[in-house]
Amino acid sequence: FAVVAKRNQYVQPSLHTGDSIQIEAGRHPVIEQQLPLGEVYVPNDVYLDNETQQIIMITGPNMAGKSALLRQTALIVLMAQMGSFVPATSASIGLVDKVFTRVGASDNLSKGESTFMVEMTETAAILNNLSSRSLVLLDEIGRGTSTYDGISLAWAVAAYLHEHPRLRPQTLFATHYHELNRMASLYPRMANYHVSVAGEGDHLQFLRILRPGGSSHSFGLHVARMAGVPAAVLDLARTVLAGLEAGRDIPGSDPDTPS
């Protein structure tokens, strides 16, 4: 631990018996070691407590760093409680007895379980085993089903964590459902943050900085372009998206209507 801490500029965390987690300029200890030469990991602050900011709702596009932020928070908490220095400029961490994660998409074909079934099974396990000192990390709850079902489930899960009659588990909740940003005005211990991007049109740069306020755009088509999806597919996707946003039918969806 001492060698790793000195080599990677870790700091000594402060542990306490309270119910807050405050990390300043936290970093992911694995990802920062795998960056290309000359690239610096972008650190971020995280603050959670049981009275003012129990749940942070994080929006932003894919590849912007939402999942890395969730994972680094859990790793910093674990490293601190196992006696290690941590990758941050400072960290004050209340004791955590359980770390729950629902991150990533996977199925279990050997048991006949779909991606969504696995997602809901893991979510149920979290909600049924919470404690007063739990740290909960949820990434894209509800994405395995239809949009309206997904939004409804994600909203209900976040509300349950906030309104639990006995427990106030500290929670980071990453989502693409911008509708969930409305929850912060209804639930006092919930706050909106977004992982910022810069640029206009097809030119997008991921800043990977966590900032207050929700995001109103997921930039899905921008990410698809960066991944190499053919221009013809992106052009049609833009047409379909514009129609959906305007409340029109999808082009060619009516078999009786010529394209």
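The model is predicted: local features need pLDDT of at least 70, side-chain atom pairs count only at pLDDT 80 or more, and totals for chains, interfaces and linings use all residues. Residues are numbered from 1 along each chain as its sequence is written, and side-chain values use heavy atoms, with hydrogens and water left out.

**Exercise 1.** Describe the lining of the second largest pocket.

Step 1: Recall the term. On a 1 Å grid over the protein atoms alone, a pocket is an open set of points with protein on both sides within 12 Å along at least five of seven lines, and lining residues have an atom within 4 Å of a point.

Step 2: Take the volume, about 210 Å³. Of the 15 lining residues, Y41, V42, G65, A68 and R208 are the closest to the centre.

Step 3: Look for elements that give two or more residues; these are α2 (66–81) and β10 (205–212). Helices here are DSSP runs (H or I, at least four residues), as are strands (E, at least two). The top contributor is α2, with 3 residues.

**Exercise 2.** Find the largest nonpolar core and follow I58 inside it.

Step 1: A nonpolar core is a set of buried Ala, Val, Leu, Ile, Met, Phe, Trp, Tyr and Cys residues joined through side-chain atoms within 4.5 Å. Buried means under 20% relative accessible area, exposed over 50%, and partly exposed in between (1.4 Å probe, protein chains only).

Step 2: The largest such core has 33 residues, and I58 is among those with the most contacts inside it. The biggest share comes from α2, with 7 residues.

Step 3: Leaving out residues up to four places away in sequence, I58 touches (heavy atoms within 4.5 Å) residues including K66, L69, L172 and Y193.

**Exercise 3.** Is I31 buried or exposed, or in between?

Step 1: Locate I31 in the loop between β2 (21–26) and β3 (44–48).

Step 2: Its relative accessible area is 28%, so I31 is partly exposed.

Step 3: Check the partners of I31: beyond four places in sequence, they are Y41 and A68. The C-alpha atoms of I31 and Y41 are 7.9 Å apart.

**Exercise 4.** Compare the span of helix α6 with the expected one, and find what its buried residues pack against.

Step 1: The expected span is 1.5 Å times one less than the number of residues. For α6 (residues 231–245), with 15 residues, that is 21 Å, and the helix reaches 21 Å from its first C-alpha to its last.

Step 2: L234, V240 and G243 are buried in α6, and the buried residues of this helix pack against α5 (220–226).

Note on methods:
On a 1 Å grid over the protein atoms alone, a cavity is a set of points where a 1.4 Å probe fits but cannot get out, and a pocket is an open set with protein on both sides within 12 Å along at least five of seven lines; lining residues have an atom within 4 Å of a point. Grid points are joined across faces, edges and corners, and a volume is the space filled by probe spheres set on the points.
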